[in-house]
Amino acid sequence: MSHYDVLVEGAGPAGATAAYYLAMQGKKVALVDRAKFPREKACGGGLCVHIEEFDHIISNWDDFLESKCLRGIVYGPDFMPVDYVSEKPFFYNIRRLKFDNTLVEYAVEKGATLIEGVAVKNFEVHNDKVVTKLRNGEELTSDVIIGAGGSFDMVSRRIRDIEKMPMKWRDEDIATALYFEIDVGREYMDKVYGEERISMAHIKYQNLDGYGWSFSKDTVLNVGIGCPRSVIKSLKKEKPGWDERQYLLDYVETLKEQGWFPKDIQVDRKMIAGSNIPVGMGMKCTVGDRMLVIGDAGGFVSPLSGEGLYYALDSGRIAAEALEVLFKDGNFDKQSMMLYHNTWSNKWGDDLEWLKVAWHLLMVMPNSLIKYAALDEETKEFFTHMFVGSMPASKIKNKVLALIAKGALKHDFLSHIIGQHEKVPPLTN
Ligand SMILES: Cc1cc2nc3c(=O)[nH]c(=O)nc-3n(C[C@H](O)[C@H](O)[C@H](O)COP(=O)(O)OP(=O)(O)OC[C@H]3O[C@@H](n4cnc5c(N)ncnc54)[C@H](O)[C@@H]3O)c2cc1C
(Lines give C-alpha, C1' and ligand atoms only; values in the text may rest on other atoms or scores of the structure.)
Protein backbone atom coordinates (compact mmCIF):
# COMPACT_ATOMS: atom_id res chain seq x y z
CA MET A 1 0.00 0.00 0.00
CA SER A 2 1.51 3.38 -1.01
CA HIS A 3 1.73 5.98 1.74
CA TYR A 4 1.46 9.73 1.03
CA ASP A 5 1.76 12.71 3.31
CA VAL A 6 -1.43 14.11 1.82
CA LEU A 7 -4.09 12.65 -0.47
CA VAL A 8 -6.07 15.27 -2.36
CA GLU A 9 -9.46 14.03 -3.60
CA GLY A 10 -10.35 16.08 -6.71
CA ALA A 11 -7.89 17.81 -9.07
CA GLY A 12 -9.96 20.89 -9.95
CA PRO A 13 -8.45 24.33 -9.29
CA ALA A 14 -8.69 23.88 -5.50
CA GLY A 15 -7.13 20.40 -5.36
CA ALA A 16 -4.46 21.13 -7.97
CA THR A 17 -3.44 24.31 -6.12
CA ALA A 18 -3.20 22.55 -2.75
CA ALA A 19 -1.12 19.81 -4.40
CA TYR A 20 1.11 22.42 -6.07
CA TYR A 21 1.96 24.21 -2.82
CA LEU A 22 2.33 20.97 -0.82
CA ALA A 23 4.62 19.47 -3.46
CA MET A 24 6.73 22.64 -3.36
CA GLN A 25 7.24 22.00 0.38
CA GLY A 26 8.59 18.56 -0.56
CA LYS A 27 5.50 16.67 0.66
CA LYS A 28 4.54 13.39 -0.98
CA VAL A 29 1.14 14.17 -2.50
CA ALA A 30 -1.41 12.02 -4.33
CA LEU A 31 -3.77 14.07 -6.50
CA VAL A 32 -6.73 11.83 -7.39
CA ASP A 33 -9.49 12.68 -9.86
CA ARG A 34 -12.26 10.57 -11.30
CA ALA A 35 -11.86 12.38 -14.63
CA LYS A 36 -8.97 12.15 -17.06
CA PHE A 37 -7.35 15.49 -17.81
CA PRO A 38 -7.84 17.65 -19.73
CA ARG A 39 -11.50 17.64 -18.71
CA GLU A 40 -14.27 20.21 -19.18
CA LYS A 41 -16.02 21.91 -16.27
CA ALA A 42 -19.16 24.05 -16.43
CA CYS A 43 -18.00 27.62 -15.79
CA GLY A 44 -18.02 31.20 -17.06
CA GLY A 45 -14.23 31.10 -16.93
CA GLY A 46 -13.89 34.57 -15.44
CA LEU A 47 -11.05 35.25 -13.01
CA CYS A 48 -11.68 38.27 -10.81
CA VAL A 49 -8.84 40.64 -10.21
CA HIS A 50 -7.73 39.28 -6.81
CA ILE A 51 -6.36 36.27 -8.70
CA GLU A 52 -3.31 38.53 -9.12
CA GLU A 53 -2.30 37.37 -5.61
CA PHE A 54 -0.96 34.17 -7.20
CA ASP A 55 2.54 34.41 -8.63
CA HIS A 56 2.21 31.19 -10.59
CA ILE A 57 -0.87 32.63 -12.31
CA ILE A 58 0.36 36.10 -13.17
CA SER A 59 3.76 34.90 -14.30
CA ASN A 60 2.26 32.28 -16.61
CA TRP A 61 -0.63 34.12 -18.30
CA ASP A 62 0.54 32.90 -21.70
CA ASP A 63 -0.26 29.32 -20.69
CA PHE A 64 -4.02 29.93 -20.45
CA LEU A 65 -5.16 33.56 -20.76
CA GLU A 66 -7.82 34.14 -23.42
CA SER A 67 -8.48 37.85 -22.89
CA LYS A 68 -8.24 40.71 -20.42
CA CYS A 69 -11.42 42.63 -19.74
CA LEU A 70 -11.32 46.43 -19.54
CA ARG A 71 -15.04 47.13 -19.80
CA GLY A 72 -18.15 45.80 -18.08
CA ILE A 73 -21.77 46.47 -18.97
CA VAL A 74 -24.43 45.50 -16.47
CA TYR A 75 -28.15 45.74 -17.26
CA GLY A 76 -30.97 45.79 -14.73
CA PRO A 77 -34.22 43.88 -15.20
CA ASP A 78 -35.69 46.88 -17.03
CA PHE A 79 -32.58 46.95 -19.28
CA MET A 80 -31.12 50.17 -17.89
CA PRO A 81 -27.35 49.82 -18.39
CA VAL A 82 -24.35 50.83 -16.36
CA ASP A 83 -21.10 50.97 -18.29
CA TYR A 84 -17.77 50.60 -16.47
CA VAL A 85 -14.50 51.27 -18.28
CA SER A 86 -11.12 50.75 -16.68
CA GLU A 87 -7.55 51.40 -17.74
CA LYS A 88 -6.40 48.28 -15.89
CA PRO A 89 -7.89 44.80 -16.45
CA PHE A 90 -10.38 43.90 -13.73
CA PHE A 91 -11.45 40.50 -15.05
CA TYR A 92 -9.41 37.84 -16.84
CA ASN A 93 -10.91 35.28 -19.18
CA ILE A 94 -9.77 31.68 -19.30
CA ARG A 95 -11.37 28.46 -20.52
CA ARG A 96 -11.56 25.70 -17.98
CA LEU A 97 -10.42 22.82 -20.18
CA LYS A 98 -7.01 24.44 -20.53
CA PHE A 99 -6.81 26.30 -17.21
CA ASP A 100 -7.57 23.29 -15.00
CA ASN A 101 -5.25 21.06 -16.99
CA THR A 102 -2.44 23.60 -16.66
CA LEU A 103 -2.89 23.83 -12.89
CA VAL A 104 -2.66 20.03 -12.68
CA GLU A 105 0.51 20.13 -14.79
CA TYR A 106 2.05 22.71 -12.44
CA ALA A 107 1.34 20.42 -9.46
CA VAL A 108 2.84 17.42 -11.24
CA GLU A 109 5.91 19.45 -12.28
CA LYS A 110 6.48 20.23 -8.60
CA GLY A 111 6.32 16.51 -7.76
CA ALA A 112 2.68 15.61 -7.02
CA THR A 113 1.54 12.17 -8.21
CA LEU A 114 -1.55 12.43 -10.42
CA ILE A 115 -3.92 9.46 -10.27
CA GLU A 116 -6.59 10.24 -12.87
CA GLY A 117 -9.60 8.48 -14.32
CA VAL A 118 -10.42 6.80 -11.02
CA ALA A 119 -12.73 8.10 -8.29
CA VAL A 120 -12.19 7.99 -4.57
CA LYS A 121 -14.78 5.52 -3.29
CA ASN A 122 -14.44 5.93 0.43
CA PHE A 123 -12.01 6.74 3.21
CA GLU A 124 -11.52 5.83 6.86
CA VAL A 125 -9.78 7.94 9.44
CA HIS A 126 -7.62 5.99 11.90
CA ASN A 127 -5.59 7.28 14.85
CA ASP A 128 -2.36 7.25 12.87
CA LYS A 129 -3.47 7.56 9.21
CA VAL A 130 -6.24 7.86 6.64
CA VAL A 131 -7.00 4.83 4.46
CA THR A 132 -8.55 5.78 1.12
CA LYS A 133 -10.20 3.28 -1.22
CA LEU A 134 -10.32 4.02 -4.94
CA ARG A 135 -12.99 2.72 -7.29
CA ASN A 136 -10.43 0.43 -8.96
CA GLY A 137 -9.92 -1.38 -5.65
CA GLU A 138 -6.56 0.23 -4.89
CA GLU A 139 -5.98 1.44 -1.31
CA LEU A 140 -3.77 4.39 -0.41
CA THR A 141 -2.78 5.66 3.01
CA SER A 142 -1.95 9.22 3.96
CA ASP A 143 -1.44 11.40 7.02
CA VAL A 144 -4.19 13.75 5.88
CA ILE A 145 -6.98 13.77 3.29
CA ILE A 146 -8.10 16.97 1.56
CA GLY A 147 -11.61 17.02 0.09
CA ALA A 148 -11.63 19.03 -3.15
CA GLY A 149 -14.36 17.18 -5.00
CA GLY A 150 -16.74 20.10 -5.61
CA SER A 151 -20.16 21.03 -4.19
CA PHE A 152 -21.14 17.52 -3.02
CA ASP A 153 -17.75 16.36 -1.86
CA MET A 154 -17.45 13.20 0.26
CA VAL A 155 -15.08 14.70 2.86
CA SER A 156 -17.45 17.62 3.40
CA ARG A 157 -20.32 15.16 3.86
CA ARG A 158 -18.25 13.36 6.50
CA ILE A 159 -17.56 16.63 8.33
CA ARG A 160 -21.26 17.59 8.14
CA ASP A 161 -22.13 14.21 9.66
CA ILE A 162 -19.59 14.48 12.48
CA GLU A 163 -20.55 18.09 13.24
CA LYS A 164 -24.30 17.33 13.00
CA MET A 165 -24.71 19.97 10.30
CA PRO A 166 -27.44 19.65 7.63
CA MET A 167 -26.20 17.09 5.11
CA LYS A 168 -26.95 19.33 2.11
CA TRP A 169 -26.89 23.00 1.16
CA ARG A 170 -30.29 24.65 1.53
CA ASP A 171 -31.96 25.29 -1.84
CA GLU A 172 -31.43 29.06 -1.44
CA ASP A 173 -27.72 28.46 -0.76
CA ILE A 174 -27.00 26.57 -3.94
CA ALA A 175 -27.31 28.05 -7.41
CA THR A 176 -28.02 26.14 -10.58
CA ALA A 177 -25.94 27.57 -13.40
CA LEU A 178 -26.09 26.69 -17.10
CA TYR A 179 -23.76 27.78 -19.85
CA PHE A 180 -22.43 27.14 -23.32
CA GLU A 181 -19.44 28.32 -25.29
CA ILE A 182 -19.38 29.16 -28.96
CA ASP A 183 -16.69 30.35 -31.33
CA VAL A 184 -17.94 33.54 -32.98
CA GLY A 185 -14.69 34.39 -34.74
CA ARG A 186 -12.22 37.20 -34.13
CA GLU A 187 -13.85 39.61 -36.54
CA TYR A 188 -17.20 39.49 -34.73
CA MET A 189 -15.56 39.59 -31.32
CA ASP A 190 -13.36 42.60 -32.14
CA LYS A 191 -16.26 44.44 -33.71
CA VAL A 192 -18.90 43.79 -31.03
CA TYR A 193 -17.00 43.11 -27.81
CA GLY A 194 -14.01 45.23 -28.78
CA GLU A 195 -10.37 44.88 -27.86
CA GLU A 196 -11.44 45.73 -24.33
CA ARG A 197 -13.39 42.42 -24.39
CA ILE A 198 -16.58 43.61 -22.71
CA SER A 199 -17.98 41.39 -19.96
CA MET A 200 -21.70 41.63 -19.67
CA ALA A 201 -24.31 40.74 -17.08
CA HIS A 202 -28.10 41.04 -17.04
CA ILE A 203 -29.22 41.20 -13.43
CA LYS A 204 -32.56 39.51 -12.66
CA TYR A 205 -33.20 38.65 -16.28
CA GLN A 206 -36.98 38.13 -16.69
CA ASN A 207 -37.20 39.29 -13.08
CA LEU A 208 -35.83 36.05 -11.65
CA ASP A 209 -33.25 36.19 -8.87
CA GLY A 210 -29.82 35.63 -10.39
CA TYR A 211 -28.16 36.87 -13.54
CA GLY A 212 -27.23 36.05 -17.10
CA TRP A 213 -23.79 36.71 -18.52
CA SER A 214 -21.87 36.90 -21.75
CA PHE A 215 -18.09 36.77 -21.33
CA SER A 216 -15.81 37.35 -24.30
CA LYS A 217 -12.74 35.15 -24.60
CA ASP A 218 -10.34 35.41 -27.51
CA THR A 219 -12.80 34.27 -30.19
CA VAL A 220 -15.27 32.37 -28.01
CA LEU A 221 -18.34 33.69 -26.22
CA ASN A 222 -19.26 32.08 -22.91
CA VAL A 223 -22.96 32.67 -22.22
CA GLY A 224 -24.86 31.49 -19.15
CA ILE A 225 -27.43 32.02 -16.45
CA GLY A 226 -27.43 31.26 -12.74
CA CYS A 227 -30.34 31.19 -10.27
CA PRO A 228 -30.80 29.88 -6.73
CA ARG A 229 -32.16 26.36 -6.88
CA SER A 230 -35.11 27.49 -4.72
CA VAL A 231 -36.21 29.83 -7.54
CA ILE A 232 -35.87 27.14 -10.19
CA LYS A 233 -37.78 24.59 -8.12
CA SER A 234 -40.70 26.91 -7.40
CA LEU A 235 -40.95 28.05 -11.03
CA LYS A 236 -41.08 24.47 -12.20
CA LYS A 237 -43.95 23.89 -9.81
CA GLU A 238 -45.79 27.08 -10.81
CA LYS A 239 -45.26 26.80 -14.56
CA PRO A 240 -45.31 23.21 -15.77
CA GLY A 241 -43.14 22.95 -18.88
CA TRP A 242 -40.80 25.77 -17.82
CA ASP A 243 -37.18 24.77 -17.60
CA GLU A 244 -33.85 26.46 -17.07
CA ARG A 245 -32.53 25.45 -20.50
CA GLN A 246 -35.35 27.39 -22.15
CA TYR A 247 -34.56 30.30 -19.82
CA LEU A 248 -31.00 30.35 -21.20
CA LEU A 249 -32.28 30.07 -24.78
CA ASP A 250 -34.58 33.06 -24.11
CA TYR A 251 -31.57 34.94 -22.82
CA VAL A 252 -29.72 34.22 -26.07
CA GLU A 253 -32.66 35.74 -27.97
CA THR A 254 -32.40 38.88 -25.83
CA LEU A 255 -28.66 39.09 -26.52
CA LYS A 256 -29.42 38.78 -30.23
CA GLU A 257 -32.01 41.57 -30.03
CA GLN A 258 -29.51 43.78 -28.21
CA GLY A 259 -26.80 43.01 -30.77
CA TRP A 260 -24.57 41.03 -28.38
CA PHE A 261 -24.89 37.64 -30.07
CA PRO A 262 -24.65 36.70 -33.77
CA LYS A 263 -28.17 36.47 -35.20
CA ASP A 264 -27.27 33.63 -37.56
CA ILE A 265 -26.02 31.25 -34.87
CA GLN A 266 -28.61 28.81 -33.55
CA VAL A 267 -28.07 27.52 -30.04
CA ASP A 268 -29.72 24.26 -29.19
CA ARG A 269 -30.31 22.48 -25.92
CA LYS A 270 -27.58 19.91 -26.54
CA MET A 271 -24.93 22.64 -26.44
CA ILE A 272 -25.91 23.58 -22.87
CA ALA A 273 -24.25 22.15 -19.77
CA GLY A 274 -24.76 23.00 -16.15
CA SER A 275 -23.74 22.44 -12.58
CA ASN A 276 -24.20 23.74 -9.04
CA ILE A 277 -22.56 26.65 -7.26
CA PRO A 278 -22.58 26.62 -3.45
CA VAL A 279 -23.27 30.21 -2.42
CA GLY A 280 -23.94 29.63 1.29
CA MET A 281 -20.96 31.62 2.66
CA GLY A 282 -18.77 28.62 3.49
CA MET A 283 -19.35 25.67 5.82
CA LYS A 284 -19.41 26.49 9.52
CA CYS A 285 -16.79 23.81 10.09
CA THR A 286 -14.36 22.74 7.35
CA VAL A 287 -12.06 20.40 9.28
CA GLY A 288 -12.05 17.16 11.22
CA ASP A 289 -9.40 14.76 12.49
CA ARG A 290 -6.89 14.36 9.60
CA MET A 291 -9.27 15.99 7.08
CA LEU A 292 -10.19 19.35 5.63
CA VAL A 293 -12.14 20.67 2.64
CA ILE A 294 -11.26 23.34 0.07
CA GLY A 295 -12.91 25.11 -2.87
CA ASP A 296 -16.56 24.35 -3.67
CA ALA A 297 -16.36 21.44 -1.22
CA GLY A 298 -16.17 24.04 1.56
CA GLY A 299 -18.77 26.31 -0.06
CA PHE A 300 -16.21 29.01 -0.86
CA VAL A 301 -17.93 31.05 -3.53
CA SER A 302 -18.92 34.72 -3.68
CA PRO A 303 -22.69 34.75 -3.06
CA LEU A 304 -22.86 37.98 -5.07
CA SER A 305 -21.23 36.86 -8.31
CA GLY A 306 -20.88 33.07 -8.06
CA GLU A 307 -17.12 33.52 -8.38
CA GLY A 308 -15.41 30.45 -6.93
CA LEU A 309 -12.08 30.21 -8.73
CA TYR A 310 -10.19 32.68 -6.56
CA TYR A 311 -11.52 31.03 -3.40
CA ALA A 312 -10.67 27.57 -4.78
CA LEU A 313 -7.05 28.59 -5.34
CA ASP A 314 -6.75 30.53 -2.11
CA SER A 315 -8.26 27.84 0.11
CA GLY A 316 -5.90 25.33 -1.57
CA ARG A 317 -2.94 27.55 -0.77
CA ILE A 318 -4.11 28.24 2.81
CA ALA A 319 -4.62 24.50 3.39
CA ALA A 320 -1.07 23.77 2.19
CA GLU A 321 0.38 26.50 4.42
CA ALA A 322 -1.55 25.32 7.47
CA LEU A 323 -0.45 21.72 6.89
CA GLU A 324 3.18 22.83 6.56
CA VAL A 325 2.92 24.08 10.16
CA LEU A 326 1.10 20.95 11.39
CA PHE A 327 3.56 18.52 9.78
CA LYS A 328 6.28 19.95 12.08
CA ASP A 329 4.91 18.02 15.07
CA GLY A 330 2.68 15.61 13.16
CA ASN A 331 -0.51 16.40 15.07
CA PHE A 332 -3.58 16.42 12.82
CA ASP A 333 -6.46 16.24 15.30
CA LYS A 334 -9.46 18.47 14.67
CA GLN A 335 -8.28 21.12 17.10
CA SER A 336 -4.94 21.44 15.28
CA MET A 337 -6.64 21.38 11.88
CA MET A 338 -8.67 24.42 12.99
CA LEU A 339 -5.58 26.43 12.03
CA TYR A 340 -6.78 26.04 8.44
CA HIS A 341 -10.41 26.89 9.22
CA ASN A 342 -9.47 29.98 11.22
CA THR A 343 -7.05 31.23 8.57
CA TRP A 344 -9.53 31.23 5.66
CA SER A 345 -12.24 32.49 7.95
CA ASN A 346 -10.10 35.43 9.12
CA LYS A 347 -9.02 36.25 5.58
CA TRP A 348 -12.35 36.23 3.70
CA GLY A 349 -15.06 34.65 5.90
CA ASP A 350 -16.55 38.09 6.59
CA ASP A 351 -16.32 38.99 2.90
CA LEU A 352 -18.49 36.00 1.98
CA GLU A 353 -21.09 37.11 4.53
CA TRP A 354 -21.10 40.70 3.23
CA LEU A 355 -21.28 39.51 -0.35
CA LYS A 356 -24.43 37.62 0.66
CA VAL A 357 -25.87 40.88 2.04
CA ALA A 358 -24.89 42.63 -1.21
CA TRP A 359 -26.63 39.87 -3.18
CA HIS A 360 -29.87 40.32 -1.25
CA LEU A 361 -29.70 44.10 -1.77
CA LEU A 362 -29.12 43.64 -5.49
CA MET A 363 -32.05 41.24 -5.77
CA VAL A 364 -34.37 43.57 -3.83
CA MET A 365 -33.50 46.84 -5.59
CA PRO A 366 -31.64 46.01 -8.83
CA ASN A 367 -32.91 48.89 -10.95
CA SER A 368 -32.17 51.45 -8.24
CA LEU A 369 -28.64 50.16 -7.60
CA ILE A 370 -27.87 50.18 -11.32
CA LYS A 371 -29.23 53.71 -11.59
CA TYR A 372 -27.13 54.94 -8.63
CA ALA A 373 -24.02 53.41 -10.22
CA ALA A 374 -24.81 54.80 -13.67
CA LEU A 375 -25.24 58.33 -12.26
CA ASP A 376 -22.27 58.43 -9.91
CA GLU A 377 -18.68 57.44 -10.74
CA GLU A 378 -17.68 56.69 -7.14
CA THR A 379 -20.68 54.39 -6.64
CA LYS A 380 -19.87 52.61 -9.89
CA GLU A 381 -16.25 52.18 -8.79
CA PHE A 382 -17.16 50.72 -5.39
CA PHE A 383 -19.86 48.40 -6.73
CA THR A 384 -17.26 47.08 -9.16
CA HIS A 385 -14.78 46.52 -6.31
CA MET A 386 -17.45 44.39 -4.57
CA PHE A 387 -18.19 42.39 -7.69
CA VAL A 388 -14.63 41.67 -8.84
CA GLY A 389 -12.84 41.46 -5.51
CA SER A 390 -10.44 44.34 -6.11
CA MET A 391 -11.15 45.40 -2.50
CA PRO A 392 -12.31 43.07 0.32
CA ALA A 393 -16.10 43.34 0.66
CA SER A 394 -15.97 43.49 4.46
CA LYS A 395 -13.58 46.48 4.33
CA ILE A 396 -15.70 48.55 1.93
CA LYS A 397 -19.16 47.55 3.15
CA ASN A 398 -19.77 50.76 5.09
CA LYS A 399 -18.68 52.86 2.15
CA VAL A 400 -20.96 50.89 -0.18
CA LEU A 401 -23.91 51.19 2.20
CA ALA A 402 -23.26 54.94 2.47
CA LEU A 403 -23.19 55.27 -1.32
CA ILE A 404 -26.49 53.39 -1.58
CA ALA A 405 -28.02 55.72 1.01
CA LYS A 406 -26.65 58.73 -0.91
CA GLY A 407 -28.07 57.34 -4.17
CA ALA A 408 -31.49 56.77 -2.60
CA LEU A 409 -31.57 60.30 -1.19
CA LYS A 410 -30.28 62.05 -4.27
CA HIS A 411 -31.68 60.04 -7.15
CA ASP A 412 -34.95 58.79 -5.67
CA PHE A 413 -36.11 60.95 -2.75
CA LEU A 414 -34.90 64.42 -3.80
CA SER A 415 -35.53 63.94 -7.49
CA HIS A 416 -39.06 62.83 -6.59
CA ILE A 417 -39.59 65.95 -4.44
CA ILE A 418 -38.32 68.39 -7.05
CA GLY A 419 -39.89 66.40 -9.87
CA GLN A 420 -36.68 66.12 -11.90
CA HIS A 421 -35.42 62.67 -12.75
CA GLU A 422 -31.86 62.42 -13.99
CA LYS A 423 -31.44 60.35 -17.11
CA VAL A 424 -29.02 57.41 -17.11
CA PRO A 425 -26.49 57.97 -19.90
CA PRO A 426 -27.07 55.69 -22.91
CA LEU A 427 -24.35 53.26 -23.97
CA THR A 428 -21.81 54.73 -26.33
CA ASN A 429 -20.92 52.12 -28.91
C1 LIG B 1 -22.02 27.47 -14.93
C2 LIG B 1 -21.00 27.94 -13.91
C3 LIG B 1 -20.31 29.14 -14.14
C4 LIG B 1 -19.31 29.56 -13.25
N5 LIG B 1 -18.59 30.68 -13.56
C6 LIG B 1 -17.56 31.07 -12.77
C7 LIG B 1 -16.73 32.16 -13.16
O8 LIG B 1 -16.88 32.77 -14.21
N9 LIG B 1 -15.73 32.51 -12.31
C10 LIG B 1 -15.50 31.85 -11.13
O11 LIG B 1 -14.58 32.25 -10.41
N12 LIG B 1 -16.26 30.79 -10.77
C13 LIG B 1 -17.27 30.36 -11.56
N14 LIG B 1 -18.00 29.25 -11.22
C15 LIG B 1 -17.65 28.52 -10.01
C16 LIG B 1 -16.41 27.63 -10.24
O17 LIG B 1 -16.64 26.82 -11.38
C18 LIG B 1 -16.12 26.75 -9.03
O19 LIG B 1 -16.14 27.55 -7.88
C20 LIG B 1 -14.77 26.04 -9.15
O21 LIG B 1 -14.80 25.11 -10.20
C22 LIG B 1 -14.42 25.32 -7.84
O23 LIG B 1 -13.24 24.58 -8.04
P24 LIG B 1 -13.02 23.23 -7.21
O25 LIG B 1 -11.65 22.77 -7.52
O26 LIG B 1 -13.41 23.42 -5.80
O27 LIG B 1 -14.10 22.19 -7.78
P28 LIG B 1 -14.28 21.59 -9.25
O29 LIG B 1 -13.76 22.52 -10.26
O30 LIG B 1 -15.69 21.16 -9.31
O31 LIG B 1 -13.35 20.31 -9.26
C32 LIG B 1 -13.70 19.17 -8.49
C33 LIG B 1 -12.97 17.97 -9.08
O34 LIG B 1 -13.19 16.86 -8.18
C35 LIG B 1 -13.36 15.69 -8.95
N36 LIG B 1 -14.08 14.72 -8.10
C37 LIG B 1 -15.33 14.86 -7.59
N38 LIG B 1 -15.61 13.78 -6.83
C39 LIG B 1 -14.52 12.96 -6.88
C40 LIG B 1 -14.22 11.70 -6.32
N41 LIG B 1 -15.06 11.02 -5.52
N42 LIG B 1 -13.00 11.16 -6.57
C43 LIG B 1 -12.11 11.81 -7.36
N44 LIG B 1 -12.37 13.00 -7.94
C45 LIG B 1 -13.54 13.57 -7.68
C46 LIG B 1 -14.12 16.18 -10.18
O47 LIG B 1 -13.95 15.29 -11.27
C48 LIG B 1 -13.48 17.54 -10.44
O49 LIG B 1 -12.40 17.47 -11.34
C50 LIG B 1 -19.03 28.81 -12.08
C51 LIG B 1 -19.73 27.62 -11.83
C52 LIG B 1 -20.71 27.18 -12.75
C53 LIG B 1 -21.42 25.89 -12.46
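How many residues surround the ligand, and which are the closest? The points below take up this question first and then turn to the domains and to one helix.

1. In this predicted model, the ligand is surrounded by 37 residues, and the closest are Gly10, Gly12, Gly44, Gly295 and Gly308. Two or more residues of the shell come from each of helix 1, strand 2, strand 12 (174–183), strand 16 (273–278) and helix 8 (309–326). Helix 1 gives the largest share, three residues.

2. The shell around the ligand can also be described by residue class. It has 18 nonpolar, 13 polar and six charged residues.

3. The position of the ligand follows from the domains that contribute to its shell. Because domain 1 (2–66 + 94–169 + 280–355) and domain 2 (171–278) both give residues to this shell, the ligand lies between them.

4. Helix 3 (residues 96–109) has 14 residues and spans 19 Å from its first C-alpha to its last, close to the 20 Å expected at 1.5 Å a residue. After helix 3 comes glycine 111, whose phi is positive, near 120 degrees.

5. Which residues of helix 3 are buried? They are Arg96, Phe99, Asp100, Leu103, Val104, Tyr106 and Ala107. These residues lie on the same side of helix 3, because they cover an arc of only 155 degrees around the axis. The elements that cover them include helix 1 (13–24), strand 2 (29–33), helix 2 (55–58) and strand 8 (113–116).

6. Why does alanine 107 count as buried? Alanine 107 has 27 C-beta neighbours inside 10 Å, and a residue is buried if there are 20 or more. Leaving aside its neighbours within four places in sequence, alanine 107 is in contact with Ala16, Ala19, Tyr20, Ala23, Leu31 and Ala112. Alanine 107 and leucine 22 are 85 residues apart in sequence, and their C-alpha atoms are 8.7 Å apart in space.

Methods. Residues are numbered from 1 along each chain as its sequence is written. This is a predicted model: local features need pLDDT of at least 70, side-chain atom pairs count only at pLDDT 80 or more; totals for chains, interfaces and linings use all residues. Helices (H or I, at least four residues) and strands (E, at least two) are DSSP runs, numbered from the N terminus. The expected span of a helix is 1.5 Å times one less than its number of residues. A residue is buried if 20 or more other C-beta atoms lie within 10 Å of its own, exposed if 12 or fewer, and partly exposed in between; C-beta atoms are placed from the backbone. The arc is that of the directions from the helix axis to the C-beta atoms. Two residues are in contact if their C-beta atoms, placed from the backbone, lie within 7 Å. A residue is near a molecule or strand if its C-beta atom, placed from the backbone, lies within 6 Å of it. Ala, Val, Leu, Ile, Met, Phe, Trp, Tyr, Cys and Pro count as nonpolar, Asp, Glu, Lys and Arg as charged, and the others, Gly among them, as polar. Domain bounds come from an automatic or database domain assignment.
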